[in-house]
Amino acid sequence: MQKKIVYILAFLTISFSAYSQHATEHSKEQHELVQHEEKNLRERIKENIQHHLKDSHDFVFFSDTKKGKHYGFSLPIILWDDGLKIFSSSKFHHGETLAEVDGNHYKLYHGKIYKVDAQGTINYDEHHHPANVKPLDFSITKGVLSLIIMSVLMLWLFISIARSYKKNNGVPKGIAGFLEPIILYIRDDIAIPNIGEKHYAKYMNYLLTVFFFVWFFNLIGLTPLGINVTGNIAITFALALITFLITQFTAKKTYWKHIFWMPGVPWLMKIILAPIELLGVFIKPFALMIRLYANISAGHIVLMSLIGLMFVFQNWIGSSLTFFLAFAISLIELLVALLQAYIFTMLSALYFGFAVEEHDDSH
Amino acid sequence: MDKLLNDFSFGLFFWQIFLFLLLLFLLKKYAWKPILNAVKDREEGIQNALKSAENARKEMQNLTADNERILKEARNNREELLKEARTMRTEMIEEAKGHAQLEADKLIAKAKEEIENEKQTAITDLKNQVADLSIGIAEKLVKDQLDSKGKQVALIEKMLKDVKLN
């Protein structure tokens, strides 16, 4: 292991010195030109990454920026603006033109749809945010389409597993043999220890669904399709909200008692503890939301930056090194995909456990 | 935080809630329930199989213990029977021996008696015969001796002589 690290370090130093040598060989003019191009490239990579992290109204696999061509397909836009407005995202031409529907003009600006006048003017407020009206946007975006497709795949996968159990008399065969240990792990090592033998069964459906949902979407995010679902704050907010609601609505009396009137402490402490505990109720799902979002987004940013670095280096040592690094990070991201799904499920189970815990009020 | 709020898309949130709940509902009904039930059934089956195997083992153990006990009893029984038979045999032999001795003694005594009797008879017979024979011889002698006058006279003389001696 240490030997390997030494090799990597040596490789790094060699490639960096090679890169700097490469740079000095150019004349000053060329150097400036290269720098300018590089800056341009870097800007483009940055933009690309930011664009990738956001949801988009069309499904673009790759773009040719020189020719201004995008390869992909357009998706339906569904707006609520004094009535339902449905049209294809091809009307926006990837944000280059305004879409005119029923006499209204809409502009796609930084991934969001604004109502504009016929000239497409965007007014800004003092924080440099667009002040135009945003119609409610229920579009089938890239993320929504991914959600639909993956949900159908998940349904097909798990229903076929359920069928195979019925057919094989409860003996797991094929993919069931691979996924059953995971299902059992969630039941025996996540649900039962955290929630308890008595109450765990009613939470199993949610825990299993959320685990496989997060895991599969983390994994699909690692494919070159450029889908980023679990790294989107709206998705993680929705998941955390469901965990939060389930926790509150299944909570037993002792749970509320522990929040508002902590047993076993002096009454002054009870008063101090109540707001803290109440805050904790909201902080827990908030942390769930941020953790998943931040981990997956960070993974995507690092991976895309490394891939972008290959083009910045433009020499075979640096580029191949970053390729190797990107590969290594991809492997780590595979682990992170599973780990984040595990953590989300685990913590959800823990919160459910708090909700149904039956204390003897001795402590 | 500002960026986070700016990135938040209500449409995506709405679809996520809707699709996730739908997925949850469908998976619950058509996947998780059958899968978890199948797993549970199987686990219970294994548990039961193990339990019944354990029971069978216990029963087997009991059976073996029973067998052992019965065997032991049988062995003891046999031992006792043999012992009894042995004593009986000895007794019988002893008894037989006693009887035989008695009988033999009796026979011998009888035989002895008979022999004695026979002997006495034979002796008596012999005596009689000897007496007869002696008388015959004496008769003949006497006849021979006394068939002439001279001899008779000689004899009387002699006898007289003996008497005189006496």
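In chain A, 58% of the contacts (heavy atoms within 4.5 Å) with a separation of 6 or more are between residues 24 or more positions apart. This is a predicted model, where local features need pLDDT of at least 70, side-chain atom pairs count only at pLDDT 80 or more, and totals for chains, interfaces and linings use all residues. Residues are numbered from 1 along each chain as its sequence is written, chains are lettered from A in the order in which they are written, and side-chain values use heavy atoms, with hydrogens and water left out.

**Chain A overall**

- Chain A carries nine helices and eight strands; these are DSSP runs numbered from the N terminus, with helices being H or I of at least four residues and strands E of at least two.
- Of its 363 residues, 45% count as buried, where buried means under 20% relative accessible area, exposed over 50%, and partly exposed in between (1.4 Å probe, protein chains only).

**Strands in chain A**

- There's an open sheet of three strands in the order 4-3-8, with antiparallel pairing; two strands pair if DSSP finds at least two bridges between them.
- Strand 4 (84-88) and strand 8 (136-137) are the edges, each pairing on one side only.
- Strand 3 (residues 76-80) runs antiparallel to strand 4, with five bridges joining them, and Ile77(A) has Phe87(A) in strand 4 as its bridge partner.
- Elsewhere, strand 5 (residues 99-101) pairs with strand 6 in the antiparallel sense over three bridges, with Val101(A) partnered by Asn104(A).
- Strands 5 and 6 make a hairpin with two residues between them, and Asp102(A) in the turn has a positive phi of about 50°.
- Strand 6 is also antiparallel to strand 7 (residues 112-116), through five bridges; one bridge pair is Tyr109(A) with Lys112(A).
- That pairing is a hairpin too, again with two residues between the strands, and here His110(A) in the turn has a positive phi of about 50°.
- Five of the six residues of strand 6 (residues 104-109) are buried, so strand 6 is largely enclosed by the rest of the structure.

**Where chain B meets chain A**

- The contact draws on 34 residues from chain B and 50 residues from chain A.
- About 3,800 Å² is buried between the two chains, 77% of it on carbon and sulfur atoms; buried area is the accessible area (1.4 Å probe) that two parts lose on being put together, summed over both.
- Five residue pairs are in polar contact across the two chains (both at pLDDT 80 or more), meaning a pair of N or O atoms within 3.5 Å, where within protein one must be able to donate a hydrogen and the other to accept it, and residues adjacent in sequence count only if both atoms are side-chain atoms.
- On chain B's side, helix 1 (2-7) and helix 2 (10-145) are the elements giving two or more residues, and helix 2 supplies the largest share, 26 residues.

**Salt bridges**

- The whole structure has six salt bridges over all chains, each a side-chain nitrogen of Lys or Arg within 4 Å of a carboxyl oxygen of Asp or Glu; two of these cross the interface of chain B and chain A.
- Arg42(B) meets Glu180(A) at 2.7 Å, N to O, linking helix 2 of chain B to helix 4 (residues 175-195) of chain A.
- Glu180(A) is buried at 7% relative accessible area, whereas Arg42(B) is partly exposed at 22%.
- Glu43(B) meets Arg187(A), also at 2.7 Å, and Arg187(A) meets Asp188(A) at 2.9 Å, so Arg187(A), Asp188(A) and Glu43(B) are linked in a network of salt bridges.
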